[in-house]
Amino acid sequence: TYGMTIRDHFAGLAMQGIVGSIDSEDSYRRMRGHASAAGLSVSEWIARDAYKQADAMLKAREAE
C-alpha cells in the first residue's frame with residue numbers, strides 16, 4: 001500500500017494479534033481497564049500498543 005512503512009506493517013500485524021487475543025468478556029474488560037487507566041478508548045489503546053510492539057520489532061532488527 002502506498003505510503004505504508006515497515007513500522008506500519010508491523011503495527012498492523014501486532015494489532016491483529018492484540019484484537020485476536022480478546023477471547024472473552026473478561027479479557028475485554030482487562031483491556032478496557034488498561035485503556036481507561038491511560039485515558040484512552042480501547043481502540044486507541046490497541047493502536048498505541050500495536051505501535052509499541054512494532055517499535056520493539058524494529059529495535060530487535062537493528063540489534064542483529
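User: What is the relative accessible area of Asp55, and is Asp55 buried or exposed, or in between?

Analyst: The model is a predicted one. Buried residues lie under 20% relative accessible area and exposed ones over 50%. Asp55 falls in between and is partly exposed, its relative accessible area being 35%.

User: Which side chain meets that of Asp55 in a salt bridge?

Analyst: Side chains of opposite charge can pair when their charged atoms come close. For Asp55 the N to O distance in the salt bridge is 2.5 Å, and the side chain it meets is that of Arg7.

User: How many residues apart in sequence are the parts that Asp55 and Arg7 tie together?

Analyst: Arg7 is itself partly exposed, at a relative accessible area of 32%. Asp55 belongs to helix H3 and Arg7 to helix H1, so their pair links parts of the chain whose separation in sequence is 48 residues.

User: How many salt bridges does the count come to?

Analyst: The criterion is a side-chain nitrogen of Lys or Arg within 4 Å of a carboxyl oxygen of Asp or Glu. With the pair of Asp55 and Arg7, the count comes to three.

User: What separation along helix H2 do Arg30 and Asp26 have, in helical turns?

Analyst: Arg30 is partly exposed at 49% relative accessible area, and Asp26 is partly exposed at 41%. Within helix H2 the two residues are four places apart, so the separation is about one helical turn.

User: Which residues of H1 are buried, and why do they lie on the same side of H1?

Analyst: Helix H1 spans residues 6-20 and reaches 21 Å from its first C-alpha to its last, close to the 21 Å expected. Its buried residues are Phe10, Ala11, Ala14 and Ile18. They share one side of H1 because the arc they cover around the axis is only 100°.

User: Which exposed residues does the face of H1 turned away from its buried side carry?

Analyst: An α-helix has 3.6 residues a turn, so residues three or four places apart point the same way. On the face of H1 turned away from the buried side, the exposed residues are Gln16 and Gly20.

User: Which helices are included in what covers the buried residues of H1?

Analyst: Contact here requires heavy atoms within 4.5 Å. The cover over the buried residues of H1 includes helix H2 (25-37) and helix H3 (42-63).

Key. Residues numbered from 1 in each chain as written. Predicted model: local features only at pLDDT ≥ 70, side-chain atom pairs only at ≥ 80, totals over all residues. Heavy atoms only, no water. Expected span 1.5 Å × (residues − 1). Buried < 20%, exposed > 50% of the residue type's maximum accessible area, 1.4 Å probe, protein only. Arc of directions from axis to C-beta.
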